[in-house]
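Please examine the sequence and structure below before reading on.

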Amino acid sequence: MQRINSQIMKSYNALNILKLVRRNAPISRSELVQRMGLTSASVINITNEMLQSGFLIQSGRTNEGGLGRKSLLLDVRADAAYVIGVHLSTENVIVAVSDLRNGLDGLITRPLESRSGQGILDQIVCELEESLAQTGIERSRILGVGLSLPGPLDIEKGMIINPPNFPDLADTPIRELLERRLELPVCCDRETNNAVLAESESGRAAGFKTAFFISLFRTGVGGGVIAGGNILHGFCDSAGEIGHTTVDIAGPRCSCGSFGCLEALVSEDALLRRVHTLCRMNSDQACTQDPQTLEELFRLSEEGDALCQFVVNEAASYISVALGNAINLYSPEIIVLGGTLPQMSGQLVEMVRRKIHARTYPRQCSRILVVPSSLGDTVFVRGAVAHAWEQFLPVLLDGGKTAADAQTPL
């Protein structure tokens, strides 16, 4: 048992060293010792093994102290291994291949062609095969595939449970089905869990121990939590489901069956209905601006149209109410807004930020960072990639294989 625990710890340390090198390369071993809190001997042993197996490479030397022998600088060997990331949303299927340095290649973004379970699986396989073909990377060099999926999920079983926006995927063992078709290992997590993982590794939440990510799409809202530096999954993998928190008890019925959910009040259809209703109510006034799309609504709001600005501000209020509850529950240092709506409207992001900072309780509200995602449309596929590295890279590290061995299937 002690030997197994030692192996697990060594693999954990090796994975974290790889992350640090990837994020800070070129970096010396002495800096790794300081950042990791490990002994010099441990860092030297682990990095020597990773140099020998081809995961790390030498990247010159530096004289940190000015005297004596120069310190070795380390970098990641980008082509040592690859994973594939896939994001399924209510709008698109996004696929990309990632090298060990976290670069994305073969990035494909296609509108979702079908809402049927079989149609969705077929499109995922099709886009993945095309992405891989674009890169020219041999299939045998792929360690595995990470999926960013709408919830709720049973992550351990790799099963989609009963997603409100994808009823035909209910109780689908998506991991097993895709592993069979792709002949590759597959892992999955909720799209917002993967997104907050990506933000904490290479985005706006990097360096923070607590963070909340909210995704705001045209037809879906979700959330993910980093607590103590780790993703908080909660009971039945349901932590952070902010889209189905109630923000108006007299609100409309949501696709989940409840009433007044955030998702039901800030979707594209809901916002456009609200504008059209207000236009009819103000028919005695000249209501010449009647937007037909979300893009028009945000544009008119930013141009100063009173009705459109009222609706966007009302949406920001609903979002800030839900985020206020998240603050009381999770106390994040930073809130990251991702998805379609924040990308479309900087005004919406600013309205939400002001409302959060204006809250009088808890006292730290004014100090919480409220920012749009810096990773844009790729945040969810990058999260799928990050999750895949965490799941499959330790298998390679534990096996003591070299980079050349990675060309054979695991």
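The second largest cavity holds about 30 Å³ of space. This is a predicted model, in which local features need pLDDT of at least 70, side-chain atom pairs count only at pLDDT 80 or more, and totals for chains, interfaces and linings use all residues. Residues are numbered from 1 along each chain as its sequence is written, and side-chain values use heavy atoms, with hydrogens and water left out.

**Cavities**

- On a 1 Å grid over the protein atoms alone, a cavity is a set of points where a 1.4 Å probe fits but cannot get out, a pocket is an open set with protein on both sides within 12 Å along at least five of seven lines, and lining residues have an atom within 4 Å of a point.
- Grid points are joined across faces, edges and corners, and a volume is the space filled by probe spheres set on the points.
- By this rule there are two cavities of 30 Å³ or more.
- The second largest cavity is lined by L15, K19, R22, E201, A386, W389, E390 and L393.
- Helix α13 contributes the most to that lining, with four residues; helices (H or I, at least four residues) and strands (E, at least two) are DSSP runs, numbered from the N terminus.
- The lining of the second largest cavity comprises four nonpolar, no polar and four charged residues, where Ala, Val, Leu, Ile, Met, Phe, Trp, Tyr, Cys and Pro count as nonpolar, Asp, Glu, Lys and Arg as charged, and the others, Gly among them, as polar.
- The largest cavity holds about 50 Å³ and is lined by N102, A198, E201, S202, R382, V385 and A386.
- The elements giving two or more residues to the lining of the largest cavity are α6 and α13.

**Largest pocket**

- The largest pocket contains about 910 Å³ of space.
- It has 26 lining residues, of which Y12, N16, K19, G229 and N230 are the closest to its centre.
- Helix α1 gives the most to this lining, with seven residues.
- By class, the pocket lining has nine nonpolar, ten polar and seven charged residues.

**Helix pair α8 and α9**

- Helix α8 (residues 268-281) and helix α9 (residues 294-302) pack at about 55 degrees, with their axes 10 Å apart; axes are lines fitted to C-alpha atoms, for helices over the stretch in contact, and angles run from 0 to 180 degrees between N-to-C directions.
- The two helices are therefore oblique to each other, since angles under 35 degrees count as roughly parallel, over 145 as roughly antiparallel, 65 to 115 as roughly perpendicular and the rest as oblique.
- The contact (heavy atoms within 4.5 Å) is made by E268, L271, L272 and V275 of α8 and L294, E295 and L297 of α9.
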